[in-house]
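Visitor: I would like to learn how to read the features of a fold. Where do we begin?

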Amino acid sequence: MPIMPFSDALPDPLPVLARAVAGCSNHNSVGGVLFVHAIVLDVNFLYITETAARETLEQVMADALSKSGSNRSAVRAVCLAVSGVNHPTDQQRILTWLRDIFPTQVKLYVRNDAVAALASGTMGKLHGCVLIAGTGTIAYGFTEDGREARAAGAGPVLGDWGSGYGIAALALTAVIRAHDGRGPHTMLTSTILQTLGLSSADELIGWTYADPSWARIAALVPVVVSCAEAGDEVANKILKEAVQELALSVKAVVQRLGLCGADRKNSFPLVMVGGVLEANQRWDIGREVMDFISKDYPGAHPIRPKVEPAVGAALLALNEFMKECVQEAYRR
């Protein structure tokens, strides 16, 4: 008999006992301060999304358990959704130190953080595709039989085009090109300089390399959007290219997994997460991406999660834990 996702029986609202957040850095990068978010649900499940070093993870887990009035011995399962986990060796390294922390009976799950983002929109079920477009970007998908695929997510050096960093970096490049005569005049020049408190484009070079962290650069995306909404051709071109790149990432995953079916019309969830995809006054990148995708895959069903990825990790881990329990019961 099929094993139904345990999320079908979850109460609403979810019994969140505690939350803890701490600052940290992606374990595959030097720049870009992000966060670790730990959630403890009733019945003692601990779930964490992170882009972090081990010390910060241990701190945030301890804080979350302390706030919930619990301890490590009472935990049933831990789900760690980690940015930069791209290979089984990455998972195994993290599982090894998690096992040093928690008792042997605790179930441990380690996933890429994109998987938790997908689960936040599908109530823990791994099926469909998620598109994340924030500071960075990635598309990640699963079939119902467990096959998975990803596109993009390789970081700005290898081309996270369509991400917040990618959009802002192209805008900065456009300002420099306009300044030295290689590119067209653009409203981005005066608007970005005013935003940063700089007096000339020459100063922009020093500002950029003084601290080239990804999040600092990506913070300029609203400036690009405002210039595009004001009619600037260069800014509009940057955003249109971003839309195409984000849509291509989704299409690559959908094609590799066959989520659309043989006739390309099958329905599948498309979870959309990240600040780049949020609507603005006249420029709605998320809607533009969806319009681009639906031309080829009319069955794509867009979902804007109502809960954060940390809760998605909780739902995912809870489903996986309950499946294991049912399977163990069948074997007895």
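Guide: We begin with a definition: helices (H or I, at least four residues) and strands (E, at least two) are DSSP runs, numbered from the N terminus. In this predicted model, local features need pLDDT of at least 70, side-chain atom pairs count only at pLDDT 80 or more, and totals for chains, interfaces and linings use all residues. Residues are numbered from 1 along each chain as its sequence is written, and side-chain values use heavy atoms, with hydrogens and water left out.

Visitor: Where does His127 lie?

Guide: His127 sits in the loop between H3 and E6.

Visitor: Is His127 buried or exposed?

Guide: Cut-offs come before the case. Buried means under 20% relative accessible area, exposed means over 50%, and partly exposed is in between (1.4 Å probe, protein chains only). His127 has a relative accessible area of 15%, so His127 is buried.

Visitor: Which residues is His127 in contact with?

Guide: Contact means heavy atoms within 4.5 Å. Leaving aside neighbours within four places in sequence, His127 is in contact with Leu118, Thr122, Phe142, Thr143, Glu144, Leu259, Phe268 and Pro269.

Visitor: Now the whole protein. How many helices and strands does the protein have?

Guide: It has 11 helices and 10 strands. Of its 332 residues, 50% are buried. Take the contacts with a separation of 6 or more: residues 24 or more positions apart account for 67% of them.

Visitor: How do I read a sheet?

Guide: Strands of a sheet pair through backbone hydrogen bonds, either parallel or antiparallel. The criterion here is that two strands pair if DSSP finds at least two bridges between them.

Visitor: In which sense do E6 and E9 pair?

Guide: E6 and E9 are parallel, over 4 bridges. Val130 has Val271 in E9 as its bridge partner. By contrast in sense, E7 and E8 run antiparallel, joined by 5 bridges. Ala139 stands opposite Ala151 in E8. E7 and E8 form a hairpin with 5 residues between them, and Gly146 in the turn has a positive phi of about 100°.

Visitor: What should I look for in phi values?

Guide: Most residues other than glycine have a negative phi. Ala152, in strand E8, has a positive phi near 65°. Ala152 is partly exposed, at 32% relative accessible area. Arg264, in the loop between H9 and E9, also has a positive phi near 65°. Arg264 is partly exposed, at 38%.

Visitor: Which residues of helix H10 are buried?

Guide: First, the general idea. An α-helix has 3.6 residues a turn, so residues three or four places apart point the same way. In H10 (residues 285-294), the buried residues are Ile285, Gly286, Val289, Met290 and Ile293. They cover an arc of only 135° around the axis, so they lie on the same side of H10. The arc is that of the directions from the helix axis to the C-beta atoms. Their cover includes E6 (128-133), H4 (164-180), H9 (233-257), E9 (268-273) and E10 (300-303).

Visitor: Which residues does Pro302 contact?

Guide: Apart from neighbours within four places in sequence, Pro302 is in contact with Leu270, Met272 and Met290. Pro302 is in E10. Pro302 and Met290 are 12 residues apart in sequence and 7.4 Å apart in space, C-alpha to C-alpha.

Visitor: Which residues have the most contacts inside the largest nonpolar core?

Guide: A nonpolar core is a set of buried Ala, Val, Leu, Ile, Met, Phe, Trp, Tyr and Cys residues joined through side-chain atoms within 4.5 Å. The largest has 53 residues, and Ile167, Leu188, Ile285 and Val289 have the most contacts inside it. H9 gives the most to this core, with 12 residues. A second, separate core of 16 residues includes Leu57, Val75, Val78 and Val82.
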